[in-house]
Amino acid sequence: MGRSALLIGCNYPGTKAELRGCINDVWDFKQTLTQCMGFDEGNIAIMIDTDQQYTQPTGKNIKAHLSKMVTEAQDGDLLFVHFSGHGTQVPSDDPEEKDSKDEAICPCDMNIITDADLTLIFAPLAEKDVKLTFVADCCHSGTMLDHDEVIITGPKDGTPPPPQANAASMQSLLAALGASNDDRDMKNRSLPFGDFKEMLSGMMGGQSVDIGNLRSSMSSLFGDDSSARSMDYSKYISMAKKAMAMMPKSGGQGGGGGGSSMFSSVMAAAGSMGGGDGGKGG
């Protein structure tokens, strides 16, 4: 029985999304896996964004390593994946998304990996006798693997939940335990959609990014390495461009109906992929 793990920590240094404790989480999990769970250190891959000696936790690198783990997994293996960083939600009109949103983890380059992406990556494991543990230490993680079930739902005996500790009380507790200020990370690990759009806009030289062009912007920034949702949109836009090229030049009497029909059908399909990109053709 083989055991392999991928531990990912994103502190986003120098950005609006900066966190402080995510790299610490990686080292804590590494210690737990090697000392308590029987994992060999050589079978634990580390991705952190605070040290260039390590593979950077970009969207491309994370998806590539996850796919490699799935491909190489044999019956009886154990796979462990841990992500510590920001989580976010982006608009979706997938009818199976009851809240009309895709949950996503935020790699260090903001090439988000949605719940739909993770489902596609892990799907081949259904044909293998492999156990996968996925720990998402971020906001919006409850359905990160696109399952309806939420395992932890609160007290099971019907009693009221305990009072929620605020940041001040948590800081006091940590101080009493001897933790220094540098060890504390009390920042919310949810990246608001507005902040996410703003960061993408900065990467695009100030170009406006909103719901209407989110997927096309992601595709423009990350190309073939962008989320599967963005790739679906790009595929249909490519088809639309080919349809337009096939349309007869204007000025003739008729003959253009087929090309126009093809173009309309393709743009309708693009619009159905969500995010509004395909619905505002100019």
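**Calls and cut-offs in a predicted chain**

Mentor: Let's start with contacts: of those in the protein chain between residues at least 6 apart in sequence, 65% join residues at least 24 apart.

Trainee: What makes two residues a contact here?

Mentor: Heavy atoms within 4.5 Å. This is a predicted model, where local features need pLDDT of at least 70 and side-chain atom pairs count only at pLDDT 80 or more, while totals for chains, interfaces and linings use all residues. Numbering runs from 1 along each chain as its sequence is written, and side-chain values use heavy atoms, leaving out hydrogens and water.

Trainee: How many helices and strands are there in the protein chain, and what makes a run count as one?

Mentor: Eight helices and seven strands. Both are DSSP runs, numbered from the N terminus: helices are H or I with at least four residues, strands E with at least two.

Trainee: Why is S4-S5-S6 called a sheet?

Mentor: Two strands pair if DSSP finds at least two bridges between them. S4 and S5 have five bridges, and S5 (residues 101–105) and S6 have two, so both pairs qualify. The pairing is antiparallel and the sheet is open.

Trainee: What makes S4 and S6 edge strands?

Mentor: Strand S4 (87–91) and strand S6 (113–114) each pair on one side only.

Trainee: How do you know that S5 is mostly covered?

Mentor: Four of its five residues are buried. Buried means under 20% relative accessible area, exposed over 50% and partly exposed in between, with a 1.4 Å probe and protein chains only. Across the 282 residues of the protein chain, 38% are buried.

Trainee: Why is Asn 11 called buried?

Mentor: Its relative accessible area is 8%, and the limit is under 20%, so Asn 11 is buried. Asn 11 belongs to the loop between strand S1 (3–9) and helix H1 (22–36).

Trainee: Which backbone atoms does the Asn 11 side chain reach, and what makes those polar contacts?

Mentor: The backbone oxygen of Arg 20 at 3.4 Å and the backbone nitrogen of Cys 22 at 3.0 Å. A polar contact needs N or O atoms within 3.5 Å; within protein, one must be able to donate a hydrogen and the other to accept it, and residues adjacent in sequence count only if both atoms are side-chain atoms. Beyond its neighbours within four places in sequence, Asn 11 touches residues including Ile 23, Asp 49 and Thr 50.

Trainee: Why is a set of residues called a nonpolar core?

Mentor: Because its members are buried Ala, Val, Leu, Ile, Met, Phe, Trp, Tyr and Cys residues joined through side-chain atoms within 4.5 Å. The largest has 42 residues, and Tyr 12, Met 110 and Leu 200 are among those touching the most other members. Leaving out residues up to four places away in sequence, Leu 200 touches Met 110, Val 209 and Leu 214, among others.
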